[in-house]
Number of protein chains: 2
Amino acid sequence: MTETPRDIEHLIDLMARLPGLGPRSARRAVLLLLKKRGSVMEPLARAMAQVAQSARECTICGNIGAGEICAICADPARETGEICVVEDVADLWAMERGGAFKGRYHVLGGTLSPLDAVGPDELRIPELLTRVQQEGQREVILALNATVDGQTTAHYIAEALEPSGVEVSSLARGVPVGGELDYLDDGTIGAALRARRKL
Amino acid sequence: MTETPRDIEHLIDLMARLPGLGPRSARRAVLLLLKKRGSVMEPLARAMAQVAQSARECTICGNIGAGEICAICADPARETGEICVVEDVADLWAMERGGAFKGRYHVLGGTLSPLDAVGPDELRIPELLTRVQQEGQREVILALNATVDGQTTAHYIAEALEPSGVEVSSLARGVPVGGELDYLDDGTIGAALRARRKL
Ligand SMILES: [Zn+2]
Ligand SMILES: [Zn+2]
């Protein structure tokens, strides 16, 4: 280990922090980068610096975009009166790949989790309530993972929205128990959306 | 997919070219980067640009280092009269982790492979012959993978070195058939080195 140049060791350590890469595969990844310096390593370093500099959280929905307001919130065609609530941006991307949902999103940034001291104020739940009130939405579709925390969060939000009179539904048929949206195929997500049930 | 910002898509595409990361895990990795922009993404982009700019192939042994000559070749304590021949830098790192070898290396950059039109001149075999002649080495240890191509290459090098009179040995006990050095534990590599046999 001692004879690996220090900056390469440092790069391996950082790569090993990515999901899916352990220390061994991080080393292999770095070796590939070293072999493909011009075609992969330099473009990757540039792309990463570029995204690190430009990516921002949409101030309306919490999606990741290139400006203050994301492309979905900026698109008037997506003003359908429906908001789809998701846990994180990965789930938003999964919904978009499905292509079945035409409205806008609200990214919570996680789920309620008393054990981890994550309450409504740690998520973007107050912002959701404000949005529904101010924007006059017709329906809120809860597209949360079918996990205990996801479902607890869904029930909490449904109750919190009750006074507003907005219709609240949730993805239903097609999401397997314990399943995570990001691992479902696109057709399943579309089916679950179409068969959503009122809460 | 359409609503993912284009520079993020581009970053995901580049990440997906790393070994161990498919398109799905590349997306998850990029999401983690976006969440840990200051603590992971920016340092990683910087480290990658830094290594892309500074890393060089050692002109003597083919190892990756920070200058013209790598730290091992520059270390007079490693002038032991022994050269260890490895296929690539991953194998050199694996040998170094084992810690049993005290001499210097020669990185071939692959194995002979007639089907892929890789002959001796595509590897650093001529450079190895010149080194042995000029540096007056006592022993060349072939630490090639126990694959068909690795063993073909070992036999080719042993024959090419015969006129020079240098002793040629190869890692023996402990390297399983079909096994690759980079996947062996450190102790196994040390044992195989100590039990090396003359060719
Ligand atoms: Zn938005
Ligand atoms: Zn060197």
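**Entry 1**

I take contact to mean heavy atoms within 4.5 Å. The structure I consulted is a predicted model.

I first looked up how well helix H1 of chain B is covered. H1(B) is mostly covered, as 7 of its 10 residues are buried. I noted the buried residues by name: Asp7(B), Ile8(B), Glu9(B), Leu11(B), Ile12(B), Leu14(B) and Met15(B). I then asked which elements cover the buried residues of H1(B). Both chains contribute to this cover: helix H3 (37-54), E2 and H4 of chain A are included, together with H2 and H3 of chain B.

**Entry 1. The interface**

I found 57 residues of chain B in contact with 57 residues of chain A. The two chains bury about 5,400 Å² between them, and 69% of that area is on carbon and sulfur atoms. I next recorded which elements give two or more residues to the side of chain B that touches chain A: helix H1 (6-15), helix H2 (23-35), helix H3 (37-54), E2 and helix H4 (89-98) of chain B. H3(B) supplies the largest share of that side, with 15 residues. Sorted by class, the side of chain B that touches chain A has 35 nonpolar, 7 polar and 15 charged residues.

I then asked how many salt bridges there are between chain B and chain A. The count is 0. For polar contacts across the interface, I recorded 6 residue pairs, with both residues of each pair at pLDDT 80 or more.

**Entry 2. Salt bridges**

Over all chains, I counted 6 salt bridges.

In chain A, the side chains of Glu96(A) and Arg78(A) meet in a salt bridge, at 2.9 Å from N to O. Glu96(A) belongs to helix H4 (residues 89-98), whereas Arg78(A) sits in the loop between strand E2 (64-65) and strand E3 (82-86), so the pair ties together parts that are 18 residues apart in sequence. Are these two partners buried or exposed? Burial here means under 20% relative accessible area. Glu96(A), at 10% relative accessibility, is therefore counted as buried, and Arg78(A), at 9%, is buried as well.

Arg56(B) is partly exposed, with a relative accessible area of 42%.

Arg131(B) is buried at 7% relative accessibility, while Glu135(B) is partly exposed at 37%.

**Entry 3. Surroundings of Arg131(A)**

I turned to Arg131 in chain A, which lies in helix H5 (residues 125-135). Arg131(A) is buried, with a relative accessible area of 6%. Which residues are in contact with Arg131(A), leaving aside neighbours within four places in sequence? I listed Ile60(A), Cys61(A), Ile83(A), Arg104(A), Tyr105(A), His106(A) and Gly136(A). A polar atom of the Arg131(A) side chain lies 2.6 Å from the backbone oxygen of Tyr105(A). I also noted Gly81(A), which is 50 residues from Arg131(A) in sequence and 11 Å away in space, C-alpha to C-alpha.

**Entry 4. Cysteines**

I asked how many disulfides there are over all chains. The count comes to 0. I looked up two cysteines for accessibility. Cys61(A), one of the contacts of Arg131(A), is buried at 1% relative accessibility. Cys73(B) is buried too, with a relative accessible area of 9%.

**Entry 5. Chain A as a whole**

Along the sequence, chain A follows the pattern α-α-α-β-β-β-α-β-α-β-α-β-α-β. Of its 199 residues, 52% are buried. Among contacts in chain A between residues at least 6 apart in sequence, I recorded that 55% join residues at least 24 apart.

How values were computed:
Residues are numbered from 1 along each chain as its sequence is written. Chains are lettered from A and ligands numbered from 1 in the order in which they are written. This is a predicted model: local features need pLDDT of at least 70, side-chain atom pairs count only at pLDDT 80 or more; totals for chains, interfaces and linings use all residues. Side-chain values use heavy atoms; hydrogens and water are left out. A salt bridge is a side-chain nitrogen of Lys or Arg within 4 Å of a carboxyl oxygen of Asp or Glu. Helices (H or I, at least four residues) and strands (E, at least two) are DSSP runs, numbered from the N terminus. Buried means under 20% relative accessible area, exposed over 50%, partly exposed in between (1.4 Å probe, protein chains only). A disulfide is a pair of cysteine sulfur atoms within 2.5 Å. Buried area is the accessible area (1.4 Å probe) that two parts lose on being put together, summed over both. A polar contact is a pair of N or O atoms within 3.5 Å; within protein, one must be able to donate a hydrogen and the other to accept it, and residues adjacent in sequence count only if both atoms are side-chain atoms. Ala, Val, Leu, Ile, Met, Phe, Trp, Tyr, Cys and Pro count as nonpolar, Asp, Glu, Lys and Arg as charged, and the others, Gly among them, as polar.
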